Amino acid sequence: LINRMMVHKYQDLSDFSIFNLDFTSFFSAYSIHPNKQGVEKYADNVQNKIDYYEKRLTLTGNVTDTDANPNPLDGTTVMVENSDGKLIAKTVTSAVGKYLMIPNQASEYGQKYKITFDKEGYEPFTVYETTDKKTGNNITINVKLVHKCFNVNVSGTVTDEKGNPIDGAEVTITGGYKKTKETKTAIVDGIKKQMDFYKIDRTQKDTQTVYTDNNGKYEAEFVNDKSDDYNVVVKKNNYDTYTDNITIEQKKIDNNTWDDVKYTYSITLEDGMYKAYCEIVRGLVKKHGEGRYSAQMSKYLTGLAVVRLIDFDGDGREELFCAYDEGEYSSFANTQEVYRYDNGKAVSIYKGQTNSEGGVGPYVEYMITEDKAYLLTDAHSEDWELGSWTLFNKNDNSVQFSYNYNYNYENNKRNYVYMIDGKITTESDYNSRKKAFTDSGTIHKILIYPPNNKKPYEQGGDEVLKETKEVMEKIGYKNQ
């Protein structure tokens with residue numbers, strides 16, 4: 001039965017068999033004779049099969065991500081196209097990221113293939129390979145796929161310590177990947193258009209500098225493919241520079257893809273101006289003592305008698321004004337000085353004598369207008385120059401009203417000379433323009449001598465010392 005089964009198996013292939021099979025009877029044994037034609041045909045067929053399989057393209061390799069410790073990417077689709085663009089093989093990576101492909105097509109040396117790797121949440125990767133005698137048809141391609149980038153929007157508000165918005169603050173943020181805009185011509189609906197494209201360089205961080213608006217708000221855009229650290233530096237004149245590192249976490253949609261991130265980061269700038277002014281005050285107190293009544297001249301103010309915060313130049317930031325006694329024999333506050341906070345330091349921008357009125361005593365006077373303030377400098381009694389109203393901006397603008405006289409002994413009269421900003425004018429013009437100027441603001445007069453019949457805009461004695469103490473406490477000064 002076994003013999004008959006073997007005979008039946010090969011009978012239909014007698015023309016392809018290596019042997020001839022002869023049978024004498026049903027139960028008799030069979031004889032086997034070599035068949036030369038069959039042997040040659042079989043040998044040719046085997047050789048063809050060998051040549052075919054030797055020429056078939058074999059692709060193998062691993063697919064991982066780009067992390068420092070690469071993770072295998074399972075389920076990555078691997079596709080192979082021939083030079084005609086025909087898909088000849090397709091597979092997916094295993095649980096350990098491996099793949100093996102043997103397209104059912106012979107490959108001659110010099111054949112070009114396009115191999116594409118694609119996985120959700122990662123950027124597709126395409127490589128082109130050409131077979132040659134050196135590499136043979138066995139090609140190994142190990143691939144690292146990079147995550148698809150997501151947008152990172154960083155926004156917030158910059159305020160001072162009182163919660164007031166700061167406009168014009170410079171906000172510099174470094175992080176994410178550097179992106180470069182390129183403008184190219186593209187055809188959209190059959191029409192040529194100039195369109196912006198962004199090239200992402202994953203080897204460099206992006207740095208963006210933006211400025212806060214009138215409401216203190218800022219906004220910056222980045223691209224990234226992972227949770228990452230961002231460096232934030234905020235600068236504004238008259239404030240301490242702010243520096244911080246923040247971590248922005250990626251927002252996952254699923255295991256492999258991420259959503260865009262909106263990150264809110266608000267900043268409070270410390271007022272370094274007050275700290276700098278406080279150091280000036282400490283130095284003046286150490287040298288002259290706190291404001292007080294003079295022991296030599298009763299009811300006159302001495303020591304650091306006057307401390308005020310006045311925005312002279314109208315830039316929204318206050319200058320520090322001080323009046324104190326200076327000199328070995330001084331018994332009252334005879335010096336006035338103005339400081340401006342500039343580049344992290346308190347800088348003296350004016351120093352001169354306090355004003356004086358003939359037969360009465362020293363005083364300080366300033367005028368506040370709608371958007372700035374003027375300090376009266378170099379003013380003396382009516383027999384002398386009236387003085388200048390000085391606006392301490394970067395151009396050191398001032399308005400000078402002055403008059404003097406020549407005494408005529410023959411008729412015992414004074415011949416007055418009136419001047420405005422160094423130019424001689426008439427008495428009437430002088431008086432009208434001076435009145436118009438002083439009417440444009442509010443006059444504040446601080447009396448260093450004992451007040452007598454004070455006017456509404458005048459301040460003296462205990463009032464002066466009380467406000468001085470309040471301002472000193474505001475900028476952080478405490479009696480040691």
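Q: Are phenylalanine 222 and tyrosine 230 buried or exposed?
A: In this predicted model, phenylalanine 222 is buried, and tyrosine 230 is buried as well.

Q: And how many aromatic pairs are there in the whole structure?
A: A search of the whole structure gives six aromatic pairs.

Q: Why is the pair of phenylalanine 222 and tyrosine 230 described the way it is, I mean what's its geometry?
A: The two ring centres are 5.5 Å apart and the planes of phenylalanine 222 and tyrosine 230 stand at 70°, so the pair is edge-to-face.

Q: OK, what about tyrosine 418 and tyrosine 430?
A: Tyrosine 418 and tyrosine 430 form a tilted aromatic pair, with 5.1 Å from centre to centre and 50° between the planes. Because tyrosine 418 lies in strand S34 (residues 413-420) and tyrosine 430 in helix H4 (residues 427-439), the pair ties together parts that are twelve residues apart in sequence.

Q: Switching to H4, which of its residues are buried?
A: The buried residues of H4 are Tyr430, Phe437 and Thr438, and they lie on the same side of H4 because they cover an arc of only 90° around the axis.

Q: So which exposed residues does the face turned away from the buried side carry?
A: That face of H4 carries the exposed residues Ser428 and Lys435.

Conventions: Residues numbered from 1 in each chain as written. Predicted model: local features only at pLDDT ≥ 70, side-chain atom pairs only at ≥ 80, totals over all residues. Heavy atoms only, no water. Phe/Tyr/Trp six-rings, centres within 6.5 Å; stacked < 30°, edge-to-face > 60°. Buried < 20%, exposed > 50% of the residue type's maximum accessible area, 1.4 Å probe, protein only. Helix = DSSP H or I, 4+ residues; strand = E, 2+ residues; numbered from the N terminus. Arc of directions from axis to C-beta.
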